[in-house]
Amino acid sequence: MYKRYSLLLITLIFTFNAFSQTGFTQNIYARNYVNLDGRWHYIVDLYETGFRGFHGARADEEEKLSGFFENKQQQSKSELIEYNFEKSPTLNVPGDWNSQDDKLLYYEGTIWYQRSFNVHPQPGKRYFLRFNAVNYEAYVSLNDIKLGVHAGGFTPFEFEVTKQLNDGNNFIVVKVNNTRKKENIPTDNFDWWNYGGITRDVLLVETPSTFIKDYKIQLAKNDLKNMEGFIQLDGTDLSQQIKINIPEAGLQTTVTTDATGKAHFTIPVKQLTYWTPENPKLYTVHITSTTDSVNEAIGFRTIETKGVDILLNGRSIFLRGVCSHEENPFIPGRPRATSDIIMLLTWAKELNCNFVRLAHYPHNENTSRLADSMGLLLWEEVPVYWTIDWTNDSTLRNAQHQITDLIQRDKNRASTIIWSIGNETPNSPEREKFMEAMADSAHALDNTRLVSAALLAHTANDTITINDALGKKLDIVSFNEYYGWYTKEMPWEINKFNFNITYNKPVIISELGAGALGGFHADSATRFSEEYQQRFYQDQIQMISKISNLRGTTPWLLVDFRSPKRMNPEYQDGWNRKGLISETGQKKKAFYVLQDFYTNKEKEYSNK
Ligand code: GCB
């Protein structure tokens, strides 16, 4: 019979769970790895042809893992194969596809990626294929062998490939789909660009056969005198002596892992320079087992709340923050280099910030490492944003999976002090249940940090009320407000408002902001002028200063960012203009208003 290879090839049944990739390797860049970034071939697959027979309906979930992964080459001149990776164009990895080809600017759907590489695996070693982020859904195969599926655009995942790796030539095929869906996290409606593709590094990682897969070492909860943590081995030789050594602090301990490869430890601290934004001291921690060793620069600090105060190393602190998207205005698309992130964090420092809210999804893991060394505290968030599919169990599992992976990834970062479980989630009993489950998950995963969420405020009779029932599960009550921008009141009219916050907890205003086109000057009543935004910040600062338990602010936001929701041609042109810095890197007038506020706050808190 005539054999036709359309994009659907042999169907192998393979059950999968899109969220099944848990427990990735800690501190991945400290490992031996081959970097698989670079040019990857791609094929746009608008109709999901790779998942279908020629006349067929779309393959069902289990069959999805068949098909395209074969990377079929034509064996004879008569053979019909209707795709060819090697002759297809290429995209940069890491990178989103939207910014790399005009035709893909608004593309949402499937793109197949392929690349080959040469390696010589060493006997006795293990190999892992690691993706630091793919937006949104990834089906991955190596040498025609299915590895699995991952859903969620901003967290890492990896597959062990020790058995699948060839000595010599290898190829990877990844099907990436960024279709927005109601049941996804985020859902189908959000105010940022839905950049698709393999947006962060891809690494082939080598480890010993039994290796230190995971560890946590931090000061114990609210305890400046003890470090606490665990080590988790992976492999066959699970019971080993592990040495944890911090030479500069004169600390060392030895523990033995149990039959599951795990050991918990406590190390009493004598003298330590605690990590602060002013002095972001990092110590090199050496972890050594019989078969493996790993080093990492880690800072040590405590964070807690006491009444309405936030205490860093026992001292009251005001979080002088700003929100930031993961986008460099100078280059289209997602940032690709560490220098992009350094630029954003340096701007936050120029604003006199000690705190950044990484909105609205997990940013690159290099961001929290840079924040560790630059001295910036962080709020890290998962994209539980606006109206999620609250009653869908798998949506909740997805959201819990994302917060788990974020905490798993950044649990050794001194900079990270707050896990945010969501943003502006409108009240309903279903939402309540979902968000409470999220708060419980975050607390259970990490008792050394604080849990918050950006809540919504309600207004009646000139009173702004924050009484969201979720507040009882949060360590910090945070809320977003746009009085003077999204309200009928002009900025100079908002001082009439008073606050009614029903929790005796610290408060962070997690967003406030107004749009301004950089370089557009007019009077302060003119929308989108720098003067309007400046006046808005002046009046906002007056208004929020009435909140006696205010312990932080993260205005919306550091830099203008691209959003398909912002299409006013005169002022927006596809940009959300609420940045304090324009898309050309120019500081707007409001930047200096906030900078002054923060200089005063710094003085006010310097003696507390
Ligand atoms: C918000 C959202 C943020 C938007 C912002 C805006 O409340 O949390 O993602 O971009 O408002 O500009 O309207």
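Reader: Why is Asp468 called buried?

Author: Buried means under 20% relative accessible area. In this predicted model, Asp468 has 5% relative accessibility, so Asp468 counts as buried.

Reader: What makes Asp468 and Arg431 a salt bridge?

Author: The rule asks for a side-chain nitrogen of Lys or Arg within 4 Å of a carboxyl oxygen of Asp or Glu. Between Asp468 and Arg431 the N to O distance is 2.6 Å, so the pair meets the rule. Asp468 lies in the loop between β29 and β30, and Arg431 in helix α4, so the pair ties together parts that are 37 residues apart in sequence.

Reader: Is Arg431 buried or exposed?

Author: Arg431 is buried, because its relative accessibility is 0%.

Reader: What makes Arg562 and Glu327 a salt bridge?

Author: Their closest N and O atoms are 3.2 Å apart, and the limit is 4 Å, so the pair qualifies. Arg562 is in strand β34 and Glu327 in the loop between β23 and α1, 235 residues apart.

Reader: How do you know whether Arg562 and Glu327 are buried or exposed?

Author: The cut-off for buried is under 20%. Arg562 has 14% relative accessibility, so Arg562 counts as buried. Glu327 has a relative accessible area of 6%, so Glu327 is buried as well.

Reader: Why is Val44 called partly exposed?

Author: Val44 has a relative accessible area of 38%.

Key: Residues are numbered from 1 along each chain as its sequence is written. This is a predicted model: local features need pLDDT of at least 70, side-chain atom pairs count only at pLDDT 80 or more; totals for chains, interfaces and linings use all residues. Side-chain values use heavy atoms; hydrogens and water are left out. Buried means under 20% relative accessible area, exposed over 50%, partly exposed in between (1.4 Å probe, protein chains only). Helices (H or I, at least four residues) and strands (E, at least two) are DSSP runs, numbered from the N terminus.
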